[in-house]
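Q: I have a structure open and would like to go through it. Can we take it step by step?

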Amino acid sequence: MAKVRVLNAQNISHLLDMPAVINAVQDAYQEKSAKTGEIWPMVYHAFSDMADMDIRSGALQPKYIFGNKLLAWFGNNAQQNLPELNGLVTLYSSETGEPVGIINAPALTGYRTGAAGAVASRALANPHSDTLLMVGAGGQALYQIMAQLWVLPEIATVEIYDPMSQKNAESFSREAESRLTELFSQNIQENEPSIAVKIEKRLSTVKFVAVSDLAAAVKDAQVIVTATPSTKPLIKAEWVQAGTHINAIGADMAGKQELDTAIFAHAAAYVDDLEQATTVGETQNPIKTGVLKKADVHEIGAVLTKQAPGRQNDKQITVFDSTGIALQDLEAANLALQRASNHHVGTTIEL
């Protein structure tokens with residue numbers, strides 16, 4: 001019988017720290033570029049306008065694992081006091097085919113999605129950026145903000161804009177430091193005390209501000225992260241200033257859009273996976289309208305492995321289109337399982 005370690009959401013929050021996940025996701029992108037990481041076709045199904053699921057799978061040769069993530073979104077669950085996201089990440093040994101881990105997918109997804117934007121910003125953003133604009137104040141915003149603050153040490157102001165509710169942006173900004181401290185520092189103090197201290201120190205240097213004028217906020221920020229379910233552009237091209245870096249996180253299926261397609265006429269475009277992003281990501285829109293050519297888009301892994309150019313100068317606008325790939329989940333899950341084994345965390349079952 002195979003012995004499988006099961007990790008729930010609480011286990012994940014205590015085992016993972018954002019700096020380590022950022023490095024794990026960077027490894028995933030580099031392994032994809034080096035072709036030692038393999039992505040298999042994504043499966044997607046919409047049950048309705050308010051419910052869907054996707055399955056992402058792949059293999060990491062250097063880690064001797066393969067696996068998949070099934071994540072389901074049921075938008076009406078909140079009305080029943082149920083989580084909107086549910087799912088599992090399952091890992092298997094590529095040497096024996098035996099299952100080795102079952103992990104709570106929503107908890108893992110938060111970390112790896114935040115880390116994805118951080119990898120891109122570390123590679124593409126102006127390292128002296130001092131203002132971050134977070135568009136969208138949902139659950140993913142916490143992960144995005146923490147990851148950006150870690151890789152961009154000069155960010156002193158985080159502006160929060162919520163297209164759905166100004167009150168939500170205001171409450172988010174008031175609670176941001178305490179929520180970030182609890183999630184990313186207090187939860188890991190027992191296992192990673194030195195990182196916890198560094199995170200608390202970093203958060204104490206940042207001012208969180210709710211904004212209602214999106215145009216003014218875009219003009220003021222050097223780094224912008226969008227994480228919304230929008231199906232129409234929120235950020236107009238004329239607002240984006242020279243030298244800005246944008247992480248477009250929200251668009252992950254056909255019809256979604258957060259950015260004006262005209263932005264891409266004057267920007268360098270980067271993606272996590274070329275075929276997936278240009279089909280269902282933010283870059284699907286400028287390609288459909290002819291503003292952007294597929295040949296001009298580079299994968300972030302190629303930038304990290306010096307096979308593609310990154311930012312060329314301080315005035316260049318850069319956009320990273322993050323649709324999410326299985327290798328991110330596999331790397332983060334593998335990290336969580338290794339730490340769980342070291343700290344004797346989780347539940348081991350026999351299958």
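The chat below goes from the whole chain to single residues.

Q: What kind of model is this, and how are residues numbered?
A: This is a predicted model, where local features need pLDDT of at least 70 and side-chain atom pairs count only at pLDDT 80 or more, while totals for chains, interfaces and linings use all residues. Residues are numbered from 1 along each chain as its sequence is written, and side-chain values use heavy atoms, with hydrogens and water left out.

Q: How many helices and strands are there in the protein?
A: The protein has eleven helices and 17 strands. Both are DSSP runs numbered from the N terminus: helices are H or I with at least four residues, strands are E with at least two.

Q: And how compact is the protein for its 351 residues?
A: As compact as a globular protein of that length, because its radius of gyration is 19 Å, close to the 20 Å from the globule rule. That radius is taken over C-alpha atoms, and the rule is 2.2 Å times the number of residues to the power 0.38. Along the principal axes, the C-alpha trace spans about 60 × 45 × 45 Å.

Q: What share of the residues count as buried?
A: 56% of the 351 residues. Buried means under 20% relative accessible area, exposed over 50%, and partly exposed in between (1.4 Å probe, protein chains only).

Q: What about contacts along the chain?
A: Among contacts with a separation of 6 or more, 73% come from residues 24 or more positions apart. A contact here means heavy atoms within 4.5 Å.

Q: Changing topic: how many aromatic pairs does a search of the whole structure find?
A: Seven. Rings of Phe, Tyr and Trp (its six-membered ring) pair if their centres lie within 6.5 Å; planes under 30 degrees apart count as stacked, over 60 as edge-to-face, and the rest as tilted.
A: One of them is Tyr29 with Phe320, an edge-to-face pair at 6.4 Å centre to centre with 75° between the planes.

Q: Which elements hold Tyr29 and Phe320?
A: Tyr29 lies in helix H2 (residues 18–34) and Phe320 in strand E16 (residues 317–321), so the pair ties together parts that are 291 residues apart in sequence.

Q: Buried or exposed, those two?
A: Tyr29 is buried at 1% relative accessibility, and Phe320 is buried at 0%.

Q: Where is Gln257 found, and what is it in contact with?
A: Gln257 is in strand E13 (residues 257–259) and is buried, with a relative accessible area of 13%. Leaving aside neighbours within four places in sequence, Gln257 contacts Ser230, Thr231, Lys232, Pro233, Ala251, Glu282 and Asn285.
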